[in-house]
2 protein chains.
Amino acid sequence: MTDTHPGPALVAQTAAEAEGIVRSRGLRVTAARRLVIEALFAADAPVTAEEIAAGLDARLPRSDVGSVYRNLETLGSIGLVRHVHLGHGPGLYALAATIAAAYLTCEGCGERRPASMAELEPVTDAIRERFGYEAHLSHFPISGLCASCAREGGEASR
Amino acid sequence: MTDTHPGPALVAQTAAEAEGIVRSRGLRVTAARRLVIEALFAADAPVTAEEIAAGLDARLPRSDVGSVYRNLETLGSIGLVRHVHLGHGPGLYALAATIAAAYLTCEGCGERRPASMAELEPVTDAIRERFGYEAHLSHFPISGLCASCAREGGEASR
DNA sequence: ATACTTGCAAATGATTTGCCAGTGT
DNA sequence: ACACTGGCAAATCATTTGCAAGTAT
């Protein structure tokens with residue numbers, strides 16, 4: 001699982017930098033692994049393992065999802081990658097350096113709004129005060145209704 | 001899916017009451033269905049479909065998980081049951097009347113702490129103010145570290 | 001040369017679905 | 001009677017794993 005890993009999240013800014021980190025851990029930079037890393041750098045939002053695998057086929061004919069999962073897991077174990085579960089579908093993967101601190105998902109329109117740690121402060125503060133929990137809102141979504149869908153819902157139920 | 005359903009959650013307080021609601025919807029009260037309902041009333045926390053099925057075997061020899069899933073889905077469609085995903089494992093089901101408004105799960109000790117809507121108010125208020133979202137924290141957990149695990153973690157990383 | 005990796009296939013876990021016999025109402 | 005349900009098996013979806021061949025270092 002790419003879940004929790006030791007050490008802090010790594011902030012690689014380029015694929016080359018990420019590859020250096022991979023090598024520095026004694027891991028190898030193979031064609032398949034490089035392409036997974038590049039796919040993650042190319043994505044501007046979390047993606048599924050299947051999506052990454054689909055993109056690979058063009059440049060690496062014999063690749064398979066199993067290896068993609070294995071690579072995501074490996075990259076996760078060294079803190080380069082994280083994954084989230086934003087709904088009932090498959091898990092979504094992204095670089096630890098670019099993934100949001102949390103995602104708000106709208107049950108109405110499906111909007112997926114990333115939130116920074118700074119923006120979340122009032123929320124995590126409220127949770128800390130009320131429950132004594134140090135909340136990590138990064139793995140599961142903050143689900144609900146966005147402003148406009150909440151408005152519609154309010155009208156509809158009147 | 002037992003996800004979202006029309007109408008408000010139903011607040012059946014007894015199995016007999018729940019059965020009445022089932023009948024009032026034109027649905028039938030069969031042995032298998034009754035046992036699922038009773039299992040949910042007997043549980044004091046959300047349970048998996050497998051757990052319910054396992055409990056059934058004693059009183060209904062030929063039951064199977066498939067039917068349990070179908071019943072949970074049916075009962076969910078009329079607002080009697082809801083389910084949550086509190087981690088990477090299977091979904092957990094409970095009566096809409098007794099399920100918590102949210103669950104805080106500790107990544108350290110695994111504690112699963114239910115929270116009422118009233119307790120959550122400062123949290124949902126903060127989310128509304130900051131993001132304009134009407135948060136429904138009931139389907140996914142508020143994951144993090146409970147007070148004591150946060151303390152330990154803090155010491156360890158010093 | 002050696003250990004890490006891959007492709008491929010089969011296994012697993014969770015949940016869904018097709019079918020037809022069975023049974024509440 | 002008639003439509004809703006149940007049991008059973010097979011299908012699906014996401015993810016993991018065993019294994020032998022391939023390859024980065």
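Predicted model: local features only at pLDDT ≥ 70, side-chain atom pairs only at ≥ 80, totals over all residues.
Biologist: Which way do the residues of strand 1 of chain A point?

Modeller: In a regular strand the side chains alternate between the two faces of the sheet. In strand 1 (residues 81–84) of chain A, Val81(A) and His83(A) point one way, Arg82(A) and Val84(A) point the other way, and all are buried. Strands here are DSSP runs of E with at least two residues, and helices are runs of H or I with at least four, numbered from the N terminus.

Biologist: To which strand of chain A do bridges join strand 1?

Modeller: Two strands pair if DSSP finds at least two bridges between them. Strand 1 of chain A runs antiparallel to strand 2 (residues 92–95) of that chain, joined by four bridges, and Tyr93(A) in strand 2 is the bridge partner of His83(A). Pairing also links the chains, for strand 6 (residues 142–145) of chain A and strand 5 of chain B are antiparallel over two bridges, with Gly144(A) opposite Ala135(B).

Biologist: Where is the place of His85(A), and why does His85(A) count as buried?

Modeller: His85(A) lies in the loop between strand 1 and strand 2 of chain A, and it counts as buried because its relative accessibility is 18%. Its side chain makes a polar contact of 2.8 Å with that of His88(B); such a contact is a pair of N or O atoms within 3.5 Å, where within protein one must be able to donate a hydrogen and the other to accept it, and residues adjacent in sequence count only if both atoms are side-chain atoms.

Biologist: How many residues does the contact take from chain B and chain A?

Modeller: Contact means heavy atoms within 4.5 Å, and here it takes 38 residues from chain B and 38 residues from chain A. Helix 5 of chain B gives the largest share of chain B's side, nine residues. Across the interface there are 16 residue pairs in polar contact, both at pLDDT 80 or more.

Notes
Residues numbered from 1 in each chain as written. Chains lettered and ligands numbered in written order. Heavy atoms only, no water. Buried < 20%, exposed > 50% of the residue type's maximum accessible area, 1.4 Å probe, protein only.
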